[in-house]
Amino acid sequence: NLDLHRSEPCLFKQNYFLDKKLGSGAFAEVRIAINRVTGERFAAKIINRNRITQIDKRKKLDENFRIETSILSRVRHPAIVQVHGVFRETDYLYLVLDLASDGELFDEIVSRQYLSEDDSRRVLLQLLLAIRHLHRMGIVHRDIKLENILLADKQNLRLKLADFGLAKIVGEQTFMKTVCGTPMYVAPEVLTVRQVGMYDNLVDIWSLGVVLYICLCGFPPFSDELAPPPMRDQIIAGMYSFPSDPWDHISPEAIDLVCRMLQVDPRNRITVDQALAHPWLRARRTKGGWSL
Ligand code: ADP
Ligand code: MG
């Protein structure tokens, strides 16, 4: 890719100045970027190409950035971060994104301990609409977790799904990514590297099931901190439970939806459209409690 190696000195810095750090990952740092002309605030995902010295690994990094950029620039949805600019310089790659100024859903849940059913429903509904949009475009996110779900407005729980660094176009021949870090949200068929084919996009439903479980109770369904077996084996076996505190106080409809999302065999897992039609998502709060 010729244009990656053309030097465009500091074009990013001519347009934006950088402010405080928002977060970081393995190769990226995310900071507030302010447009020098308009004063508008964005989030800039900055990748330092010099962190990687091996040529082939650097090529891989450039390729991942190209995929993340091309996928994100195609997508336009209120619950998905939008790209406002892409800058490729010799040493740095920059992705200018919508600023989700209220941080990660992860931190919000930690500070509230868990979310009410109404708030959990708000979260799940936005995420289901976002992944329905992605799946209709043939895109699988593959890395849905609380750290990649950002808050544009925490008062109203308005979300933005972020981090398309592992996303994939279904049917495109890309090699299987090794699962790095915690598999806490990873679907069993990914761990067993079974042929998934047409069930590809159901990996996102599994991860959303894990997200919903955590929203409702404040702890994860699978974890190495629980009794053995190791988390990986718990996931493959679909071994999780609903401890009576707090699950006894959670509606059976919510529990039913979690169970349908966390089906080990993707053929039995609820689809996006079925989930959107599930009674719990159609439930309306009334004074006396729950009505469907
Ligand atoms: P990585 O691929 O390294 O995980 P992410 O895209 O997930 O990179 O970004 C890392 C962290 O930076 C996120 O978990 C979040 O805390 C923060 N972040 C990323 N994008 C934004 C954004 N658009 N607005 C606010 N914070 C962001
Ligand atoms: Mg991330």
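Tutor: Angles under 35 degrees count as roughly parallel, over 145 as roughly antiparallel, 65 to 115 as roughly perpendicular, and the rest as oblique. This model is predicted, with local features needing pLDDT of at least 70 and side-chain atom pairs pLDDT 80 or more, while totals for chains, interfaces and linings use all residues. Residues are numbered from 1 along each chain as its sequence is written, and chains are lettered from A and ligands numbered from 1 in the order in which they are written.

Student: Why are α5 and α7 called roughly antiparallel to each other?

Tutor: Helix α5 (residues 117–136) and helix α7 (residues 202–217) pack at about 165°. Angles run from 0 to 180 degrees between N-to-C directions, and axes are lines fitted to C-alpha atoms, for helices over the stretch in contact. The angle is in the class above, and α5 and α7 are therefore roughly antiparallel. Their axes are 10 Å apart.

Student: What makes a stretch a helix or a strand here?

Tutor: Both are DSSP runs numbered from the N terminus: a helix is H or I with at least four residues, a strand is E with at least two.

Student: What is the hand of the crossing of α5 and α7?

Tutor: The crossing is right-handed. That word applies if the near helix is turned clockwise from the far one by less than a right angle, and left-handed if anticlockwise.

Student: Which residues make the contact of α5 with α7?

Tutor: On α5 they include Leu 124, Leu 127 and Leu 128, and on α7 Leu 208, Leu 212 and Cys 215 are among them. Two residues are in contact if their C-beta atoms, placed from the backbone, lie within 7 Å. By class, this contact has nine nonpolar, one polar and two charged residues. Ala, Val, Leu, Ile, Met, Phe, Trp, Tyr, Cys and Pro count as nonpolar, Asp, Glu, Lys and Arg as charged, and the others, Gly among them, as polar.

Student: How does α7 pack with helix α10, and what is the angle?

Tutor: α7 and α10 (residues 252–261) pack at about 150°, with axes 8 Å apart. That makes α7 roughly antiparallel to α10. The crossing of α7 and α10 is left-handed. Leu 208, Leu 212 and Leu 216 are among the residues of α7 that meet α10, whose side includes Leu 257 and Val 258.

Student: What is the order of the strands in the open sheet of five?

Tutor: The order is β1-β2-β3-β5-β4, with antiparallel pairing. Two strands pair if DSSP finds at least two bridges between them.

Student: How do you know that β1 and β2 pair, and over how many bridges?

Tutor: DSSP gives six bridges between β1 and β2, in the antiparallel sense. Tyr 16 stands opposite Asn 35 in β2.

Student: What makes β1 and β4 edge strands?

Tutor: Each pairs on one side only. From one strand to the next the twist averages 25°. Helix α3 (residues 55–74) lies across β3, β4 and β5 (92–97), at about 155° to β4.

Student: Which residues are closest to ligand 1?

Tutor: Gly 23, Gly 25, Val 30, Ala 43 and Asp 163 are the closest of 21. A residue is near a molecule or strand if its C-beta atom, placed from the backbone, lies within 6 Å of it. The largest share of this shell, three residues, comes from β1. By class, the shell has 11 nonpolar, five polar and five charged residues.

Student: What kind of peptide bond joins Asp 245 to Pro 246?

Tutor: It is cis, with omega near 10°. Pro 246 is in helix α9 (residues 244–247).
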